[in-house]
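Thank you all for coming; I would like to walk you through one model this morning, going slowly and keeping the definitions beside the values. Please have the sequence and the coordinates open while I talk.

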Amino acid sequence: MTEVADADRAIGVEAYASSGPPCAARAKSSEEDFRVEELVSGPGAIKEPREGYYPLYRVEKRAIDTMHMERELSDILKSRVSYGGLKDKRAVAVQYVTPTSLRSERPEAIIREKFTATLLGFVPRPLSKGSVTGNRFEVVLRDCCEEVGGLVEDVFGLAEEMKVPSFYGLQRFGSRRAGTHTLGRALVKGKFEEAVRLMLTEARSGDDEDTRLAKEAMANGRYGEGWKLLPAHQDVEKRVARRLSQKPGDWVGALRAVPIRLRRLYTQAYQSFIFNRTLSLALKRGLDISKSEDGDNWSESRDGGFTLSPVHGVREPRTDSAFPMVQIPGFAYRNYGSRFDSCVEEVMSQEEVSAREFYVREMQEASAEGGFRVAHMAFRDGRFEVDGTTATLRFTLARGQYATVLLREIIKPTDPKASGLA
């Protein structure tokens, strides 16, 4: 059995579905080696502006995360913007964006160093998370082992049989802000001072000299000195430290200097960590994630695609195409007695956290209700070609699923970051 990398274990990913040996390979040698494009559903755009319709933009970005792109685009359009989801920074990513105000600016094209936005037309409502059904990927793996073709074929086969687990990937837990789930746990436990400490003073690999000095100052309570030393790209940390320099001891106020979307992301990262550990435990117990059994919460695909039916109760009769759904912890979590609920219960007990703690009284916007996530990776249109030591993979995954999780099953890296999976 292949040992799981420490970096994977740190985010709760503790098992593989595939049985092949590790294969040396490197993803994301450049942004062009990792391409992703959203698949968007809903009414098509009309060409001409119409009262009550919102401009729809196609945004192609590279080397910039979605939140920073969002901020620049909002300034240009003079409106908040709405989109389906976050996209990898180290990639060429195409996603769709609408302003949320009908009085926004409406330029035909916007060209910036790290993204371009092109006006496609007009739609009757702003985009939302539910507008995206999936993502189409094209990934180039370089310096591959000789066996890469057979290993890709095996993993694509497993994915078609719905047996690759839908773990949350490393990107969910931050790159520069790695460890966001530990910060999220501090929020859920109401330990706001600890959350600030994790954000501002925790040493991380890759910290430069200015960052190290800033963290040293802030660890000693010199926030006014610290925020000035932090590099410009650590804009969120700067805001938090500056707030503390103005109002020492106001931990909740300082955390509220973090953009609300990111604040919620911390709690969501902790939910994701528990989900990953739950799914890992299910795999270790030998539970079949491809087929629903009596006593499961279940769902099924709609329209032959990635759209899911509502989640059915554990006592509702199953259809032949039913597959199991796994609970994501939150304040609405309830033990329905399914085989996966017993895994959630065990993990939450080990974490010493209860469902009601996900309602964060002092910071209600960081509370999380919980819900369900499909256990397997929803995969289609897989094909690949190998040329010497280079493999090019094309495939489509459902919304919210991670290409790097699929690649992990092929490469089985000891250092996911060095292999381009972080």
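In which loop is Lys28 found? Lys28 sits in the loop between α1 (6-9) and β1 (34-40), where helices are DSSP runs of H or I with at least four residues, strands are runs of E with at least two, and both are numbered from the N terminus. Before I go on, please keep in mind that this is a predicted model, in which local features need pLDDT of at least 70 and side-chain atom pairs count only at pLDDT 80 or more, while totals for chains, interfaces and linings use all residues. Residues are numbered from 1 along each chain as its sequence is written, and side-chain values use heavy atoms, with hydrogens and water left out.

Back to the loops, then. Lys28 has a positive phi of about 55 degrees although it is not a glycine, and with a relative accessibility of 4% Lys28 counts as buried, a word that I use for under 20% relative accessible area, with exposed for over 50% and partly exposed for what lies in between, using a 1.4 Å probe and protein chains only. Asp143, which is not a glycine either, also has a positive phi of about 55 degrees. Asp143 is placed in the loop between β7 (132-141) and α3 (148-160), and Asp143 is partly exposed, with a relative accessible area of 45%.

That brings us to α3 and its packing. Two packed helices are described by the angle between their axes and the distance between the axes. For α3 and helix α12 (residues 403-411), the axes come within 9 Å and cross at roughly 130 degrees; here the axes are lines fitted to C-alpha atoms, for helices over the stretch in contact, and the angles run from 0 to 180 degrees between N-to-C directions. The two helices α3 and α12 are therefore oblique to each other, given that angles under 35 degrees count as roughly parallel, over 145 as roughly antiparallel, 65 to 115 as roughly perpendicular, and the rest as oblique. From α3, Leu151, Val152, Val155, Phe156 and Ala159 meet Leu406, Glu409 and Ile410 of α12, with contact meaning heavy atoms within 4.5 Å. The residues of this contact between α3 and α12 divide into 7 nonpolar, no polar and 1 charged, where Ala, Val, Leu, Ile, Met, Phe, Trp, Tyr, Cys and Pro count as nonpolar, Asp, Glu, Lys and Arg as charged, and the others, Gly among them, as polar.

Let me stay with two residues of that helix. Leu151, which is found in helix α3, is buried, with a relative accessible area of 9%. Leaving aside its neighbours within four places in sequence, Leu151 is in contact with Gly20, Pro21, Cys23, Cys145 and Ile410.

How are the rings of Phe156 and Phe379 set against each other? Rings of Phe, Tyr and Trp (its six-membered ring) pair if their centres lie within 6.5 Å, and planes under 30 degrees apart count as stacked, over 60 as edge-to-face and the rest as tilted. By this rule the count comes to 11 aromatic pairs. In one of them, Phe156 and Phe379 have ring centres 5.0 Å apart and planes at 55 degrees, so the pair is tilted. This pair links distant parts of the chain, since Phe156 is in helix α3 and Phe379 in strand β13 (residues 379-387), 223 residues apart. Phe156 counts as buried at 5% relative accessibility, and Phe379 is buried too, with a relative accessible area of 10%. The rings of Phe156 and Phe384 have their centres 6.1 Å apart and their planes at 85 degrees, so that pair is edge-to-face. Phe384 also lies in strand β13, so its pair with Phe156 ties together parts that are 228 residues apart in sequence, and at 30% relative accessibility Phe384 counts as partly exposed. Ring pairs link Phe34, Phe137, Phe156, Phe379, Phe384 and Phe395 into a cluster.

Finally, a word on another helix. Helix α4 (residues 180-188) is mostly covered, with 7 of its 9 residues buried, among them His181, Leu183 and Leu187. What covers the buried residues of α4 includes α5 (192-200), α9 (251-255) and α10 (260-284). Just after α4, Gly190 takes a positive phi of about 70 degrees.
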